Amino acid sequence: MNRTSIFVASSVFVASAFTLFCFSRLFQRPHVKKVSFKPSVPRFTLGDTSLPKVIELDKENLTLDFCTSICTLINISDYDTRQKLIISLHQASSFRRNFGYLDDILLIANAVEYSDQACVALQVLGNIALTPDGCKLLRNKCGYLWNMLKMRDPYVLRNLLVVFVNLSCDIDCCGEILTQNNCTLVKSWIMCLISSSKDPVMLPKKSLSTLFGFLNTPVLSEIKVFKCPDRNEYSIISEWTQTDTFRKDSVSYSRNYLVTLPQHDMHENLHVDYTSQLQFTSFGQCFPFASQNHVRTIWDIKSPEGCHRAVCIECNPPLASNPSKSTVASTTESGIFIQVWINGRFTNSIKLPTVNARHGRVCPSNSSTFHGARWSNARDKIVYLAEVYNNPSENTTTNDQSFKDDPSSFVFQEDWGEGNEGSHKPKLCILDLTTETVSFAPIDENKYNLACSEPLWSPDDNGIIFVGYPSQAYNLGLIYCIQRPSQLYFWDIKKNSIEPISVPGYSVQCPRFNPNGTYLIWLQNPVGGPHGQCVSLVGTRWPMNCLKPEVIIPIINSPCNDYKCTIDRFPGLYCKLADRCWSSDGQYVLVSSCWGFEVVGLLISVTESIAQSRPVIYKLPKLSLSSDGTTLPSSLSILDVYDDVLVVSVSSPIHPQHIAVLNLKYLNYANLSSDLNQRPWLIISDGIDLKQNHLRSLKGIDWSIHQIELENKSDNQINSFECLLVHPILQDDGSIHQIDVSDFTFAKDLTEIVACRLRGLIVMPHGGPHAHSSASWSSMIAGFCSVGFACLLINYRGSLGYGNAFIQDLIGYIGEKDVSDCVQATKFALNYLQKFGSNLKAVLFGGSHGGFLTLHLASRYKNLYHVATARNPVAHLVSLIDTSDIPDWCYTESGLADWCEWPLGHLPNDNELMRLSNQSPLKYLDKTWSVPLLMLLGGKDRRVPNSQGLTFCRKLKALCPTLPCEILLYPYDSHPLDSPACSLDVFVNCLQDMRSGVIFLIDCTPTMLGLHGSFDLNSSNAVDSSSVKSGFDLSLLCCQTFQQNKALHSPFDMIGLVLMRTPLGLADSTRILEIEKLRQLKPDELEKRYGTIVNQPNITFPLHEALWVCQNQFITW
């Protein structure tokens, strides 16, 4: 974990030669909670005339309010101005005449919790304590400072520790400190602060703001294509979401593009004729209080031709208590409304629920499972989902009704787990826009008892196709779990009946009709087994007429052996279907599916696959995102297909999401592969300059996919796995090529924070375990690589995209095969990077099952991994079976469940509990644990409750009390930890906790140089007395030995030797030789070269001046 230390060698400390300072700098890491100074202080902006001008600040005679100057520090937006003002205030604190502001400074420093002002004030007090006059003034304030030790914030306490260390140099102050009550606590508190000091070597705030540009990259949420009437042009409407890291919220906006297709030759290029300005739809979700937004959109649906639009909104206008009638009459109507727009004109607004039909909460479009609202084909009705109405007080008519007859408001209702809070039993609702009435699907709870999702109108509008999940004794979590039992049903509106379409024993999703409504397809896979699996594409003619569904694309067990597919090594489908995924002739389906580390576009021939009883599939042409036309691995996601115009999202590790368009009109079916490969992609830049053909990219980063042969072969012919290595481009000597981030931020480069060599290797195992990592854009990886780290992504055994046998190979062997693959991939990556002269340490960063692997690897391979960061990790399988929303996961992954639906009433036996315990990371926790740990937990995580991580850390702290172990709990985040505030804090903390820095500060006084007498080592056998003639020699020897150890074990940590001239640098052979040469210099020669104070008796050389230099080194690093 990260430590920052300053070793001070001075004549004052000749006996011990060195004193350790835990030096807290100004730019501490961001906190979720901050307490500002209570007095009202105006907020200053750059250029404000009331802001003190640094160049006019009289440091020897402050005329401005010192207290106010400190309070305005965090309100100065300009980094350079802020830094200069801080340094000036620190320098001013050493002048006696400015000590009149001491009481104001103490008032600011005495904060209840962390604040920037308190840290600055404590730093100023530390400077004052370095002067004799300052010690006299603070002598009678020791009791006041002592009481401040009751604060619990470690960052404030470390600054306070600096004050006490400086006061300890004064004998009288020492006496005052030791006479305080409970002085026995001093030693334990100070030792705790020193031993657990993980205070990060912080990057400059200016540089961190540069890195935030990666977190601000926009993400595509939806795209729709519409044809312009009587023209060969198409309008593409894109919906984007972008995180505002500084405001800790997200912004939503749309942008329109006008694309022209070629008239005759389909192989000609497409053209963008128009790009609109951004049209903002929301400036924030107010997470975690989104439901308290005054007006929020629940869903927004458009008809395929774009003429009809319906928007469902929820209005919650604020009202004061006991409002007057006029206030109520003037206030916006509250409730849920559906606004109807036709041809761009507002036509109607209908309030839900209607008088004739009552229902509960309307399911939003961003719901993880229960979602879907659609226009009917006649555009006169809308189907949507809403919760069953449940009002305990509906039938209450008198106040004296007995309690037992009144349903309780506290009855527990089962929901569907993580990400589906508040979803109990959604049902189908049809709103008739003509009569403004709502009708419900007649679901017989005794027969089906279903929770409905994904409604779809039949072609004749006489019924609704939908996915139904049966409610049981209790509901298991649905999100990320595609093996839950479900069926496809048809609600016949005329007959008012419901009948199943798909066969039982399967899980189904994504029903889609072809354009002419004659064929229905969906995805399905068997119930039970792993939570991520290969799926099959199934279809049936419509109307069904008792026909059995046909398998179009089967489940692929092995890419090499199963079926005779038209493309080699097809691993199967791992995907969802876009809302519109058919070609216009109804013969082909377009899907995007993971294929190893890539996500590829596939064109599936439905008729040929059925006729030939084998998958007839064609790969879409690859996109070239690079300027030289080369095609590297990337990820392509199909978003919409309309009138044979395909729109996708494409990204790579160095390219954020871009829109790409492909013309699929008039395909040559006789030679389809050749025809597809000749059709050019149109990649749309996210700018508005049509002449600019520039795609945003992170330059100076390279990535490659590597296939690794297994050391221990599997029984089912699994011989290898893959990993993706992303790293800065390296020169032959191992130095980092220049990294250009100008496409993401105003900064032109990262020279302030990028090291000349790699800092380390971040190993990032994915969660699941039945998920996958892909060669796509990741803000986190881009940020890590931009500051000098290499990132390793591993698709270990059990990952998706390699066939179902690859998935099944991990079942029963979690903590074994996946751990072995991660270790083998780590060693491969370290050896691969070693050819560039990089001798690196590996660090761990994983979440969920990736956190499970992180804890396993950190405990069992202590010599391989340097630091560990775990996000919501699985730590103890035994306790997880009673606390998770998916207890079946524990049994399935441990090999204790058959490939079938898990029995809800199962109780574990002794053998099962023993197996679960043996596979848990907690089993390997003991006193030999040596890897510093950062634990990131979500307060509302129901998939892996935060008790898992808390228990692990508590046991670790008890077993290894001196080992750095920190817990960050985000109270409103669930399993993904993806809120804007959480994403920012995780990014900064993980970046800082992987480095450490030490400065050796040598005070070159005559005594230290040996000019006032010989230096006695007390006949120590540990040091060669012939090579050590002075305290200066001993200091250099200590620094040299320290750097030699760092060069072997932590070569990316930063080391500095400060003779008031030397900057920070890497621990390498060159610097070690330089120190060796310094040790050979004679005192007179050293003075001549570096200008010591031997012959300058009238010039003062206070220690705090040297500490300022050290602080500035860290600030500008």
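Glu598 touches Ser593, Lys622, Pro633 and Ser634, leaving aside residues up to four places away in sequence. I start there, and then move on to the cavities. Please keep in mind that this is a predicted model.

Where does Glu598 sit? Its place is in strand β25, which covers residues 598-605. Is Glu598 buried or exposed? Its relative accessibility is 16%, and buried means under 20%, so Glu598 counts as buried. One of the residues it touches is Lys622. The side chains of Glu598 and Lys622 make a polar contact, at 3.3 Å.

That is the single residue. Now the cavities.

How many cavities of 30 Å³ or more does the structure hold? There are five. I will talk about the largest cavity, with a volume of about 180 Å³. Its lining is made up of 20 residues. Nearest the centre of the largest cavity lie Gln472, Leu476, Arg484, Pro485 and Glu901.

What kinds of residue form this lining? By class, 11 are nonpolar, six are polar and three are charged.

Next, which parts of the chain supply the lining. Strand β17, residues 463-470, gives at least two residues to the lining of the largest cavity, and helix α19, residues 888-893, also gives at least two. In terms of domains, at least three lining residues come from domain 2, which is made up of 294-319, 332-390 and 414-501. Domain 4, residues 877-919, likewise supplies at least three.

To recap: Glu598 is buried in strand β25, and the lining of the largest cavity draws on both domain 2 and domain 4.

How values were computed: Residues are numbered from 1 along each chain as its sequence is written. This is a predicted model: local features need pLDDT of at least 70, side-chain atom pairs count only at pLDDT 80 or more; totals for chains, interfaces and linings use all residues. Side-chain values use heavy atoms; hydrogens and water are left out. On a 1 Å grid over the protein atoms alone, a cavity is a set of points where a 1.4 Å probe fits but cannot get out, and a pocket is an open set with protein on both sides within 12 Å along at least five of seven lines; lining residues have an atom within 4 Å of a point. Grid points are joined across faces, edges and corners, and a volume is the space filled by probe spheres set on the points. Helices (H or I, at least four residues) and strands (E, at least two) are DSSP runs, numbered from the N terminus. Ala, Val, Leu, Ile, Met, Phe, Trp, Tyr, Cys and Pro count as nonpolar, Asp, Glu, Lys and Arg as charged, and the others, Gly among them, as polar. Domain bounds come from an automatic or database domain assignment. Buried means under 20% relative accessible area, exposed over 50%, partly exposed in between (1.4 Å probe, protein chains only). A polar contact is a pair of N or O atoms within 3.5 Å; within protein, one must be able to donate a hydrogen and the other to accept it, and residues adjacent in sequence count only if both atoms are side-chain atoms. Contact means heavy atoms within 4.5 Å.
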